Amino acid sequence: MSQPRGGVVIYLSLLVALMLSALPLPEDLQWWRPEWVLLVLLYWIVALPTRVGLGTAWILGILLDVLGGSLLGLNALALTIVAYVMILVYQRVRMFSWLQQVLFVFALVALDQIIVHWVKGILGVSSQTLMFLVPALISAVLWPVLFMLLRGVRRGFNVA
Amino acid sequence: MRLLVLAIISLLLIVTDFNFRQTDVVRSGLTTLVAPIQYVVDVPSRVMGWLNRTTVDYQVLYQENDELKAQALVLQRKLQKMTVLSAENIRLRELLNSAEKVDDNVMLASVIGVDPDPFTHELVLSKGSNEGVRVGYPLLDGSGVMGQVISVSRFSSRVLLLTDSRHSIPVQINRNGVRAIVVGTGLSDQLELLHLPDTADIVEGDILVTSGLGGRFPFGYPVATVGRVEHDPGQPFANVQVQPNAQLTRSRQVLLVMAREQQEMGLDENAEEQSETAVEGEAL
């Protein structure tokens, strides 16, 4: 294990993801917003599981909750659980083909959305529609592009 | 193990946040922390606005200027009448021994963020507790009530819009004073009128104004216009669809009303506390 480098790059990428998730969109497009924070988080877990883990996921979730005005802890719970699944299997994910990765990311983002809607449903602030799975679809389609982009960033800035 | 700990902390947070008010301190602190993100995210639209302003045609500006002058003239005429009328109103109220101010104090704020969650209708404003914004302040734009402040951080505040399905507002029909409650539907251009009797006098085009009951919204601001009225013999209440007057999805400059009702209510609360202590004192 060498000295950790380039933490700034990791946190900057997560900050950009937070901004993208708070970006105002036209109403019709709101359903189509990818889960930026979750995607970037998943990338860093696959790439550097020693640097980014459950703690980062939890703090990101709290920030998302505050930024979005949702129940405090809601996204924190979902992100932590999804991150945990990814940490369990990141070595296998590295060996996946693109198609397998896309399907796996779809499942993970869907899991995140389902947890959020379950908790909301239990507390009685949810609605009856499957539209909340649309972000999972978009996120999965975007995954290969984001993966290559972030890998370029990681290698360019020599983050380890 | 860490998963369990973090998950339990999250669940505890969710439950406390849902049931109690204690987490508001944490939330407002953290919101102050992420306020810069919201400001940065708003930069592109502000740049677009600036570009629009700086590259606009002179011809268009002249035209707009003329239109605005004409509009100002019309409004001034109305204002002349208003001053007379409000003076008369105050005089009549004095005759009735009820002291009520006709005008409210307002504060200008701009919208810097829209809630990304399509299930909720909320806005983030550029004014926070530093400028004196408090939870519960009503929000208006040029044409009507938009919503109310639900949480405040140091430099920004969050507003629940009329159209959110968690929002309701007491109103009355401007024409005849029939009282009702308008609730949000979760759709951005539609509201619903709850529990209005089938026989109530309401027709398409009626304007609903705040009734001032409940003490949160001051009296007399337009809220919505009645669209369709359906009388279904099988239903106990009339089915009334109304459209919000305010431009909820477009307004960028908005007004916060520092409602005098609330100030008075605050005083009343103090008075009640005092009287309670007085009673306690007697009991002792």
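In the predicted model, residues A:W98, A:Q101, A:V102, A:V105, A:F106, A:V109, A:A110 and A:Q113 of helix α5(A) meet A:P135, A:A136, A:L137, A:S139, A:A140, A:W143 and A:P144 of helix α6(A). By class, this contact between α5(A) and α6(A) comprises 12 nonpolar and three polar residues, with no charged residue taking part. The two helices, α5 spanning residues 98-122 and α6 spanning residues 134-156 of chain A, pack at an angle of about 145°, and their axes lie 8 Å apart. The crossing in which α5(A) passes α6(A) is right-handed.

Elsewhere in chain A, helix α3 is formed by residues 54-68, and its 15 residues reach 21 Å from the first C-alpha to the last, close to the 21 Å expected at 1.5 Å a residue. Helix α3(A) is mostly covered, with 11 of its 15 residues buried. These buried positions are A:L54, A:A57, A:W58, A:L60, A:G61, A:I62, A:L63, A:L64, A:D65, A:V66 and A:L67. The elements that cover them come from both chains, and include α1 (7-22), α2 (36-47) and α4 (74-95) of chain A as well as α1 (2-19) and α2 (23-54) of chain B. After α3(A) comes A:G69, a residue whose phi is positive, near 70°.

Between the two chains, 30 residues of chain A are in contact with 33 residues of chain B. On the side of chain A that touches chain B, helices α1, α3 and α4 of chain A each supply at least two residues. The residues on this side of chain A divide by class into 20 nonpolar, eight polar and two charged.

One bridge joins B:G184 to its partner in β8(B), B:L191. In general, the strands of a sheet pair through backbone hydrogen bonds, in either a parallel or an antiparallel arrangement.

Methods: Residues are numbered from 1 along each chain as its sequence is written. Chains are lettered from A and ligands numbered from 1 in the order in which they are written. This is a predicted model: local features need pLDDT of at least 70, side-chain atom pairs count only at pLDDT 80 or more; totals for chains, interfaces and linings use all residues. Two strands pair if DSSP finds at least two bridges between them. Helices (H or I, at least four residues) and strands (E, at least two) are DSSP runs, numbered from the N terminus. The expected span of a helix is 1.5 Å times one less than its number of residues. A residue is buried if 20 or more other C-beta atoms lie within 10 Å of its own, exposed if 12 or fewer, and partly exposed in between; C-beta atoms are placed from the backbone. Two residues are in contact if their C-beta atoms, placed from the backbone, lie within 7 Å. Ala, Val, Leu, Ile, Met, Phe, Trp, Tyr, Cys and Pro count as nonpolar, Asp, Glu, Lys and Arg as charged, and the others, Gly among them, as polar. Axes are lines fitted to C-alpha atoms, for helices over the stretch in contact, and angles run from 0 to 180 degrees between N-to-C directions. A crossing is left-handed if the near helix is turned anticlockwise from the far one by less than a right angle, and right-handed if clockwise.
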